[in-house]
Amino acid sequence: MPPPADPKFYRGSYENPIEVYLRRRRHHRNLRRAALGVALVAALILGNQNLWPDLSSLVGAGQLPPMPSSSKNVGGRTMGTPGATSDGEILVPAHVDARQAQEIAQRIEQYATPIQTLLTNAGECPEAPVTQPQDLDSFINTWNDSRRLVGLKPITALAANHPAWKDLSEGGISLARSLKISHGLVPAKDFKCRTVGGAKATYRADINYRLLAGSSNVMPLVNQKSRENLPRVSYELINFLDDDGKNNENVGHRIDMLDPTLDKTAVSVVALLNTGEVEQVSKISGYQFPKDNLGYGFVISSSVNALTQVRETDDQQLSEAARAAYPGETHQFENLRSAPPQIAWPAAGYVPAKLMPGALDVPGFERTDPGRWSLSVRDQNPSLFVDAKVEVWEENTFNGEAHKLPLQSETPVNPLAANRFGYPTITFKPLPLDHPGFTKLPVDTVKVFRVRVTTKDGHSWQYPVKTFSRLETFQAPKLELPEAIAEMSEAEHQQLPFKLTGTAGTDFGLELSRAGTSAFYPLFHGAWDGRMMGTELEEEISLTGVALRPGDRVRMWARNDQGESAVIAVVKGK
């Protein structure tokens, strides 16, 4: 059996722009939204009780895997073709292959453009700007690429004349000008430039709000080069998925972004330049800027608002007009018929490093909690994950070297995260707060984690997460193994050399078939099975502990999304 190995992390770093301090704050939407019953939410969105969708036919029972039997595999079963294992455990499938995941990683960087709508000479309450096409495309395209990773349908923009566009923009102006954040812009007295539409839209939107401060030289900010220091639009969407913050344990933003029923949306992206005493701004906003930023300088406040709810509300802090529902064409409940039965974040399979929770490498970003991973499963029991067991292994080529990670923080597991439309969700935190992330992984290298979630009733799901910074090699596996090996007793020693090439993250395993039989079974309960972390692996496997007789066959297999390979070595007599 291979020896255990300590975890090896690739430490990253970031370049911090001079005299720029960036700190993010997001506010979790009202928790009452998560507590509403599924049918009630659907009715409110559609605005008519006669139009309630029959969710029982869309979100049925029977999504649970069978009870698993005991398994002797080291650190869990090796992942193969998605589906159910022989012991009933569900293997959560990947929805993109390695090449498609790399294409998504490239697009995330292409979409990482500075916010285009920077109002530098605006009055106290400027007219609500139209979201710039580049900002809108960057945000929604990143959103759809993230949804694609988990098998969800893409969303599109609402009609240009939908009232939410103007309302969201007015809400963004109010948030940015007031240096505060609130769903519904309440209390009203604290928000400058507040409108009924702005209150209505921000109450129903997910909000990402930032302050950026710098010292005295203000004028260069108006030129395009200096706008490079502005928040990047695609990263704003990633922040919603990341869902950091002490008040975001329920990952409501993430669940909104990955809502299977969401069909259309409106988005506002706006940034305002304010000049004056940064120290005074710090007092108003509650942000503590670094000492070298105090004094006369600039403050840029930006707000990205994405409409994810349209329902009516009875919140008495809002006016009657603000409580009214928007037109209900934003959600399509028929999507539940084709939605995946499990939604994991990070997704099963290949995941770009910048989409890993707790690993976004943004200059000046100040994390407050370890990154939250989550699994949502389609089932009618909202308490499905109460008392569930979560296990996460960091892999190191062979299963026998897998390192089980301790879960982090004061709240390592939240079994009652936001529950939308029949998808109870559990969150967990496998990596420490100071984890450096994965953006500095070498080219064609993956870091693999294996996740298993088991309910108190014994239902179980498992999946690998293969994160990477950049992939360039996409090849079907190729295996080399000796044609013959010598017979041996259990006490004898013999090494079996092999060579494997292919895409990073290729799965492989070793099996044995006794002479005169056709069936193969895993050697050493799968301890020598594993994954190739790069594009080439050349190793020797110890066969000590297994008796090999003439006519026995040792088979090695390898599989990735480009193809599969298997080679057999026959045992010969001495």
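1. Val267 touches Thr131, Leu136, Phe139, Ile140, Trp143, Trp165, Leu168, Val304, Asn305 and Ala306, leaving out residues up to four places away in sequence; contact means heavy atoms within 4.5 Å. The model is predicted, so local features need pLDDT of at least 70 and side-chain atom pairs count only at pLDDT 80 or more, whereas totals for chains, interfaces and linings use all residues. Residues are numbered from 1 along each chain as its sequence is written, and side-chain values use heavy atoms, with hydrogens and water left out.

2. Val267 is also among the residues with the most contacts inside the largest nonpolar core, which has 90 residues; the others named are Phe139, Trp143, Leu375, Phe385 and Tyr463. A nonpolar core is a set of buried Ala, Val, Leu, Ile, Met, Phe, Trp, Tyr and Cys residues joined through side-chain atoms within 4.5 Å. Helix α8 (residues 233–242) gives the largest share of this core, six residues. Another core, of 26 residues, lies apart from it and includes Phe398, Phe498, Leu510 and Leu523.

3. Helix α5 covers residues 133–149; helices (H or I, at least four residues) and strands (E, at least two) are DSSP runs, numbered from the N terminus. The end C-alpha atoms of α5 are 24 Å apart, in agreement with the 24 Å that its 17 residues should span at 1.5 Å a residue. The expected span is 1.5 Å times one less than the number of residues. Just after α5, Gly151 takes a positive phi of about 85°.

4. How many of the 17 residues of α5 are buried? Twelve are, and the helix is mostly covered; buried means under 20% relative accessible area, exposed over 50% and partly exposed in between (1.4 Å probe, protein chains only). Among the buried residues of α5 are Asp135, Phe139, Trp143 and Arg147.

5. The axes of α5 and α8 lie 8 Å apart, and the two helices pack at an angle of about 40°. That makes α5 oblique to α8. On the α5 side, the contact is made by Asp135, Ser138, Phe139, Thr142, Trp143 and Ser146. An α-helix has 3.6 residues a turn, so residues three or four places apart point the same way.

6. Lys499 belongs to strand β21 (residues 495–501). Its relative accessible area is 25%, so Lys499 is partly exposed. Beyond its neighbours within four places in sequence, Lys499 is in contact with Lys478, Leu479, Glu480, Glu536, Leu537 and Glu538. The C-alpha atoms of Lys499 and Glu539 are separated by 6.6 Å, although these residues are 40 residues apart along the chain.

Conventions. Axes fitted to C-alpha atoms, helices over the stretch in contact; angles between N-to-C directions. Parallel < 35°, antiparallel > 145°, perpendicular 65-115°, else oblique.
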